[in-house]
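These are my notebook entries on a structure that I looked up part by part. I set them down in the order in which I consulted the model.

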Amino acid sequence: MQKVLITAGASGIGYALAETFYAADYKVWIIDVSEKDLKKCPKDWEQSNIDVCDENAMAALFKKINDKWAGLDVLCANAGVAGSTALIEDQDAEAFRKCLNVNLIGAFLSVKGSLPIMKKQKKGTIIFTSSTAGLNGFPYRSPYSSSKWGIHGFMKTLAMEAGPFGIRANAIAPGCVEGARIDAVIEKEAAKKKTTSDVIREAYKSGTSLKTFVNAEDIASMALFLASEQASRISGQVIAVDGHTENPDPKI
Ligand SMILES: NC(=O)c1ccc[n+]([C@@H]2O[C@H](COP(=O)([O-])OP(=O)(O)OC[C@H]3O[C@@H](n4cnc5c(N)ncnc54)[C@H](O)[C@@H]3O)[C@@H](O)[C@H]2O)c1
């Protein structure tokens with residue numbers, strides 16, 4: 001049985017990833033900072049209540065995975081926070097740092113722990129959940145956009161370093177994903193721009209060719225494909241699942 005580790009797997013996109021890999025007969029291990037959300041997850045998924053930026057806890061996690069599973073086929077480095085919504089001159093340095101810490105350092109620690117296991121078995125797939133904010137600029141969201149551009153540089157470097165060991169690395173860049181998180185992001189942006197959430201939502205939709213948001217399941221299907229044999233020659237790529245963002249900053 002193949003084995004997948006998913007960071008931030010207790011809700012949102014991470015939960016959809018866990019459900020999809022589990023349905024495809026993978027052994028699933030999720031980590032999440034929310035004990036409350038973990039409690040709602042199926043008991044036959046391995047679970048660890050860990051903050052992805054906690055270096056010691058992450059090192060202990062990989063020791064545990066190695067002891068219990070003696071291998072790891074897929075890492076979904078999915079954890080990421082939205083960061084603060086403000087013009088650059090109004091951004092708080094500590095909040096900026098926090099966003100980079102979860103989104104970038106958290107992904108780094110996840111990869112750092114997975115690599116020795118994957119290198120030993122001479123195979124593995126690493127899939128980052130990035131964002132179209134890592135392909136375009138994103139007014140009011142500079143910490144988030146910076147972190148996702150950072151993920152792409154990290155992913156491409158990883159693909160080059162680990163490729164000779166049979167390890168592939170790719171990033172999925174979702175557009176707006178239906179759910180509580182994008183609702184909160186839209187509300188904050190509407191408040192900053194002194195308009196309504198409906199106006200912001202429609203503007204985002206109108207900025208895509210398919211005039212749509214996407215679902216967590218769309219992201220999970222792409223991840224399952226990237227982990228599969230059919231994708232065995234795909235590495236170092238950023239693949240958008242976003243209905244095609246043709247205008248990343250539709251004017252309100
Ligand atoms: N929701 C969207 O519209 C959207 C769009 C593009 C990209 N993304 C990216 O997708 C990924 C998942 O997003 P989501 O919308 O499912 O997120 P979410 O905000 O719904 O959170 C999902 C889970 O992350 C956990 N989490 C948060 N910080 C953590 C940490 N430090 N350590 C461990 N777990 C932590 C939360 O407890 C929660 O259970 C993120 O990297 C995000 O940037 C989301």
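**Entry 1: the ligand shell**

I began with the classes of the residues in the shell around the ligand, and I noted 13 nonpolar, eleven polar and four charged. In this count Ala, Val, Leu, Ile, Met, Phe, Trp, Tyr, Cys and Pro are nonpolar, Asp, Glu, Lys and Arg are charged, and the others, Gly among them, are polar. I record that this is a predicted model, in which local features need pLDDT of at least 70 and side-chain atom pairs count only at pLDDT 80 or more, while totals for chains, interfaces and linings use all residues. Residues are numbered from 1 along each chain as its sequence is written.

Which residues come nearest to the ligand? I found A8, G12, S34, G80 and V177, out of 28 residues around the ligand. The elements giving two or more residues to this shell are α1 (12-23), α4 (93-121) and α6 (180-193). A residue counts as near if its C-beta atom, placed from the backbone, lies within 6 Å of the molecule. Helices are DSSP runs (H or I, at least four residues), numbered from the N terminus. The largest share, three residues, comes from α1.

**Entry 2: the domains**

I next looked up how the protein chain is divided, and noted domain 1 (3-175 + 215-240) and domain 2 (178-213). These bounds come from an automatic or database domain assignment. The C-alpha centres of the two domains lie 25 Å apart. Seven residues of domain 1 and nine residues of domain 2 make up their contact, where contact requires C-beta atoms, placed from the backbone, to lie within 7 Å. On the side of domain 1 that touches domain 2, I counted three nonpolar, four polar and no charged residues.

Why does the ligand lie between the domains? Domain 1 and domain 2 both give residues to the shell around the ligand, so the ligand lies between them.

**Entry 3: α1 with α8**

I turned to α1 and helix α8 (residues 216-227), which pack at an angle of about 50 degrees with their axes 8 Å apart. This angle makes α1 oblique to α8. Axes are lines fitted to C-alpha atoms, for helices over the stretch in contact, and angles run from 0 to 180 degrees between N-to-C directions. Angles under 35 degrees count as roughly parallel, over 145 as roughly antiparallel, 65 to 115 as roughly perpendicular, and the rest as oblique. On the side of α1 the contact includes G12, I13 and A16, and on the side of α8 it includes A216, E217 and I219. By class, this contact has nine nonpolar, three polar and one charged residues.

**Entry 4: α3 with α4**

Helix α3 (residues 55-69) and α4 pack at about 30 degrees, and their axes are 10 Å apart. From α3 the contact takes E55, M58, A59, L61, F62 and N66, and from α4 it takes L109, S110, G113 and I117. I noted six nonpolar, three polar and one charged residues in this contact.

**Entry 5: α6 with α7**

Last, I looked up α6 and helix α7 (residues 197-206), which pack at an angle of about 110 degrees with their axes 8 Å apart. I therefore recorded α6 and α7 as roughly perpendicular to each other. Here I186, E187, E189 and A190 of α6 meet S197, V199, I200 and R201 of α7. The classes in this contact are four nonpolar, one polar and three charged residues.

Key
Contact = placed C-beta atoms within 7 Å.
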